[in-house]
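Here are my notes on the model you sent over.

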Amino acid sequence: MTSPRTDTIRVQPGLSTATVRERLRALAGGARVAVVRTPELTIGALGVIVAAAFAWVPSLWYDEAATVTSATRTWPQLWAELHSVDAVHGLYYALVHAWFWLVGYTPFTLRFPSALAIGVAAALVVALGRRLGGRRLGIAAGLVFLALPRVQWAGSEGRSYATITTFAVCLTLVGLTAVRRTRSGRSLHWWAAYGVLAVVAITFNVYLALAVVAHGVTFLWTMSAERRARRTSPDTKPLVPGGSLLRWAIVSAVVLVAVTPFVAAVAGQSKQVAWLGPISTRTFPQVFATAWFGGVEVYAAAAWALMVLGVVSALVAARRASATVRSLFRAQAVRVALPLVVLPTAALLLATALGRHLYTPKYASLSLPFVALLLALGITVVRKRALLAGALAAVLVLSVPTAVYVKTARSKQDSTWAVAASIIAAERSKQHDSDEGVVFGSVYGHPGTTADIIRQSYPTAFAGMTDLAVRKDGPAAGVLWDQNGDLSSTIPSRLGDIDTVWFVGGTVKARNIQPETTQVLEAHGFTAVQHWKTGRVVLTEYKRS
């Protein structure tokens with residue numbers, strides 16, 4: 001539906017509910033959408049700028065390293081990897097691979113697509129808000145979306161979460177357009193577009209299937225509300241024609257058939273999420289504060305209060321006998337947004353409670369645009385412009401600490417990989433014509449993974465070094481990470497003329513190979529000459545006597 005300027009429309013005293021709904025339907029069906037609208041462009045551009053600014057500052061971390069190592073492989077190597085692990089991220093890795101082919105890899109180029117995706121998502125949130133509740137709701141929703149702590153995090157993260165939000169809101173807009181066109185009998189191409197986009201979205205991230213399910217809940221809820229309205233006004237025509245539900249069901253069935261092989265492949269790799277835990281005392285704080293509000297409890301409390309206010313006020317106002325056009329649109333906004341906020345998290349929590357551990361806060365990213373829409377509904381309960389501007393300003397001010405923090409050097413799980421790489425680069429620059437080797441120990445928090453992922457993230461610092469311990473090369477073996485072999489045999493066989501060896505590892509107790517590395521190197525005339533510790537990364541330089 002496309003809304004009129006709802007801030008200027010009033011229902012005359014004595015106007016029946018049926019007449020109101022007829023006018024609403026006529027306005028929704030007859031309005032024309034401009035190809036380009038200033039608020040969408042402005043807020044979208046603002047989103048790109050805010051997300052991209054200083055995105056090069058934070059050190060890379062484990063998840064982003066997975067993107068780098070996968071996207072920098074050759075096409076055959078990436079294809080082989082996806083057969084064993086990370087098929088769920090396959091399309092994202094392929095897109096980043098093509099992007100790196102165009103612009104090359106740096107931490108900034110890794111993260112810029114996410115900033116771009118947040119800008120597009122913000123523009124689409126404005127468009128969705130305008131369609132469902134008018135200009136004020138759209139602008140407020142777009143600004144609130146950019147202010148959400150989790151959005152700020154996603155926009156500077158070299159993973160797919162920002163793009164997931166874009167797919168979610170785009171799929172919703174296409175679905176609403178298909179419903180609107182169903183009334184005029186010219187909806188086939190829009191439903192086809194919805195189906196194709198759903199297949200692409202689910203292939204991009206399997207959890208986006210929950211958005212399609214949520215759309216079905218929206219249709220059912222809207223039809224139920226319309227059925228209640230017709231009891232008092234029999235001549236009222238529905239906002240969502242019955243044919244829309246049937247078309248959605250047919251398209252969803254086709255989409256299900258199309259994505260089943262992909263979903264089966266992803267399910268076959270479920271061991272990669274074995275680290276996810278069951279429902280625990282941590283779950284409620286994760287849902288309440290972490291998933292959408294960055295763990296900032298004050299922000300989360302205010303946000304939940306605003307969402308409840310927006311939902312309750314919109315639904316109550318729509319049930320009044322003298323309901324305004326504005327209130328009816330706002331109620332429909334609730335029916336669109338609330339299922340997309342509640343259902344994905346509820347489904348993941350239910351699966352986790354039943355023993356299939358699937359919930360983690362970042363997997364709720366697809367709900368972010370609709371959280372923003374519900375927040376905007378709460379904020380725009382205020383009609384006076386000055387008060388509305390003040391409420392928006394308060395939300396934006398609350399987001400400033402998070403916006404600053406996510407651009408600090410150690411904001412990515414306290415990672416200091418960039419510092420470690422800079423130390424190695426600085427020390428290597430002091431010694432020319434030196435043959436150097438490196439032994440990668442385990443990474444803190446991931447004892448089964450070697451610190452070669454730091455080299456993958458910052459390759460320039462390690463250029464020309466010989467890996468003395470690697471046994472299985474990840475790209476060649478079709479697995480995500482390299483694996484070390486027996487140090488007592490691999491290190492001596494590769495030393496040759498090497499006179500400097502670096503050890504790079506984490507502050508780990510399990511699988512700590514540094515003592516053994518030191519023993520092997522000392523047996524071949526090497527002595528530890530310098531040692532550094534930065535965060536959870538330890539570095540040691542060995543020289544041949």
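1. Ground rules first. This is a predicted model, where local features need pLDDT of at least 70, side-chain atom pairs count only at pLDDT 80 or more, and totals for chains, interfaces and linings use all residues. Residues are numbered from 1 along each chain as its sequence is written, and side-chain values use heavy atoms, with hydrogens and water left out.

2. On confidence, the protein chain has a mean pLDDT of 89, with 91% of its residues at 70 or more (pLDDT is the predictor's confidence in each residue, from 0 to 100). Contact here means heavy atoms within 4.5 Å.

3. Now H2 (residues 38–52) and H6 (residues 107–133): their axes are 7 Å apart and they pack at about 155°. H2 is therefore roughly antiparallel to H6 (under 35 degrees counts as roughly parallel, over 145 as roughly antiparallel, 65 to 115 as roughly perpendicular, the rest as oblique). Helices are DSSP runs of H or I, at least four residues, numbered from the N terminus. The axes are lines fitted to C-alpha atoms over the stretch in contact, with angles running from 0 to 180 degrees between N-to-C directions.

4. The H2 side of that contact includes Gly44, Gly47, Ala51 and Ala52, while the H6 side includes Ala115, Gly119, Ala122 and Ala123. By class, the contact has 14 nonpolar, three polar and two charged residues. For the classes, Ala, Val, Leu, Ile, Met, Phe, Trp, Tyr, Cys and Pro are nonpolar, Asp, Glu, Lys and Arg are charged, and the others, Gly among them, are polar.

5. Compare H13 (residues 283–293) with H14 (residues 297–318): the axes come within 9 Å and cross at roughly 95°. That angle is why H13 counts as roughly perpendicular to H14. Among the residues making the contact are Phe288, Trp292 and Phe293 of H13 and Tyr299, Trp304 and Met307 of H14. The contact divides into 11 nonpolar, no polar and one charged residue.

6. Thr345 sits in H15 (residues 325–353) and is buried at 6% relative accessibility (buried is under 20% relative accessible area, exposed over 50%, partly exposed in between, with a 1.4 Å probe and protein chains only). Beyond four places in sequence, Thr345 touches Val287, Trp292, Tyr359 and Ala364. Its C-alpha is 9.3 Å from that of Ala291, 54 residues apart along the chain.

7. Thr182 belongs to H9 (residues 161–182) and is buried too, with a relative accessible area of 10%. Leaving out residues up to four places away in sequence, Thr182 touches Ser187, Trp191, Pro241, Gly243, Ser244 and Arg247.

8. Which residues does Asp63 contact, its neighbours within four places in sequence aside? They are Glu157, Arg159 and Lys362. Asp63 lies in H3 (residues 62–71) and counts as buried at 12% relative accessibility.

9. Last, Ala321 in the loop between H14 and H15. Ala321 is exposed, at 64% relative accessibility.

Key
Helix = DSSP H or I, 4+ residues; strand = E, 2+ residues; numbered from the N terminus.
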